[in-house]
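Please look over the structure below and follow how its parts come together. The report starts with the surroundings of a single residue and widens from there.

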Amino acid sequence: MTKIIGLTGGIGSGKTSVATYFIAAGVPIYIADDEARRIMESPEILKEIKLFFGSSVFEKKILNRQKLAEVVFSNPEKLKQLNAIIHPAVKKHFANWILNHKSFPFIIYETAILFESGSYKDCDLIITINAPLESRIQRVIQRDKTNRKNVLKRINMQWTDDQRQAKSDFVIENINPEITKSEVNKILKILKIQ
């Protein structure tokens, strides 16, 4: 049976960079955050978002992700509600995706909130990516065209590195790309013999 390897880390830790090393090695990767973004555009999900969050997070019938992020990242209850709308749909999509990849000995499920969403319970092994806080903040500011305050709000809504590490089988310190790549190769060797 195909093993599910969870790949997680705080926002800006470099999960996507690490994922590319696994992809280059031929490992199928399900990037939950990308799929969640696509799923959020489906009419039934948009309807649920509008029902709970109102039309203030929409502009001309189009979801304004920035406004929605501002709402949910300043209110843990609203974040929990958004997750309750999105996560069941992502879980269903992933179940179908894995059926199409069942010939592989293992696949990787990549998400920032593996523990917070409870998805870690479905994983056979877990890899956590860490990076220095300042590097993470700068990456997210550049990537999302946001500010330090907003990034820190998101970081504070997630588990800490210590919390993630305590429940992980592997930890990669993502500081130097060459070292990170060699850590991925070590993990791949271990996964291939299990």
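In this predicted model, Ile49 touches Met40, Gly54, Val57, Phe58, Leu63, Leu68, Leu82, Ile85 and Ile86, where residues up to four places away in sequence are not counted. Ile49 also belongs to the largest nonpolar core, which has 29 residues, and together with Leu68 and Ile86 it touches the most other members of that core. The elements that each give two or more residues to this core are helix H2 (32-39), helix H3 (43-53), helix H4 (65-72), helix H5 (76-99) and strand E5 (106-110). Of these, H5 provides the largest share, namely eight residues. In soluble globular proteins, nonpolar side chains tend to be buried together.

How do two of the helices meet? Two packed helices are described by the angle between their axes and the distance between the axes. The axes of H2 and H5 come within 10 Å and cross at roughly 115°, and because angles from 65 to 115 degrees count as roughly perpendicular, H2 and H5 are described as roughly perpendicular to each other. The crossing in which H2 passes H5 is right-handed. On the side of H2 the contact is made by Ala32, Glu35, Ala36 and Ile39, and on the side of H5 by Ile86, Ala89, Val90 and His93. Sorted by class, the residues in the contact of H2 with H5 are six nonpolar, one polar and one charged.

| Residue | Helix | Relative accessibility | C-alpha separation |
|---|---|---|---|
| Val18 | H1 (residues 15-24) | 0% | 8.9 Å to Leu7 |
| Ala69 | H4 | 15% | 21 Å to Ser135 |

Is Val18 buried or exposed? Residues under 20% relative accessible area count as buried, so Val18, at 0%, is buried. Ala69, with a relative accessible area of 15%, is likewise buried. Leaving out residues up to four places away in sequence, Val18 touches Leu7, Ile129, Ile172, Asn174, Thr180 and Val184. For Ala69 and Ser135, which are 66 residues apart along the chain, the separation between the C-alpha atoms is 21 Å.

How values were computed: Residues are numbered from 1 along each chain as its sequence is written. This is a predicted model: local features need pLDDT of at least 70, side-chain atom pairs count only at pLDDT 80 or more; totals for chains, interfaces and linings use all residues. Side-chain values use heavy atoms; hydrogens and water are left out. A nonpolar core is a set of buried Ala, Val, Leu, Ile, Met, Phe, Trp, Tyr and Cys residues joined through side-chain atoms within 4.5 Å. Buried means under 20% relative accessible area, exposed over 50%, partly exposed in between (1.4 Å probe, protein chains only). Helices (H or I, at least four residues) and strands (E, at least two) are DSSP runs, numbered from the N terminus. Contact means heavy atoms within 4.5 Å. Axes are lines fitted to C-alpha atoms, for helices over the stretch in contact, and angles run from 0 to 180 degrees between N-to-C directions. Angles under 35 degrees count as roughly parallel, over 145 as roughly antiparallel, 65 to 115 as roughly perpendicular and the rest as oblique. A crossing is left-handed if the near helix is turned anticlockwise from the far one by less than a right angle, and right-handed if clockwise. Ala, Val, Leu, Ile, Met, Phe, Trp, Tyr, Cys and Pro count as nonpolar, Asp, Glu, Lys and Arg as charged, and the others, Gly among them, as polar.
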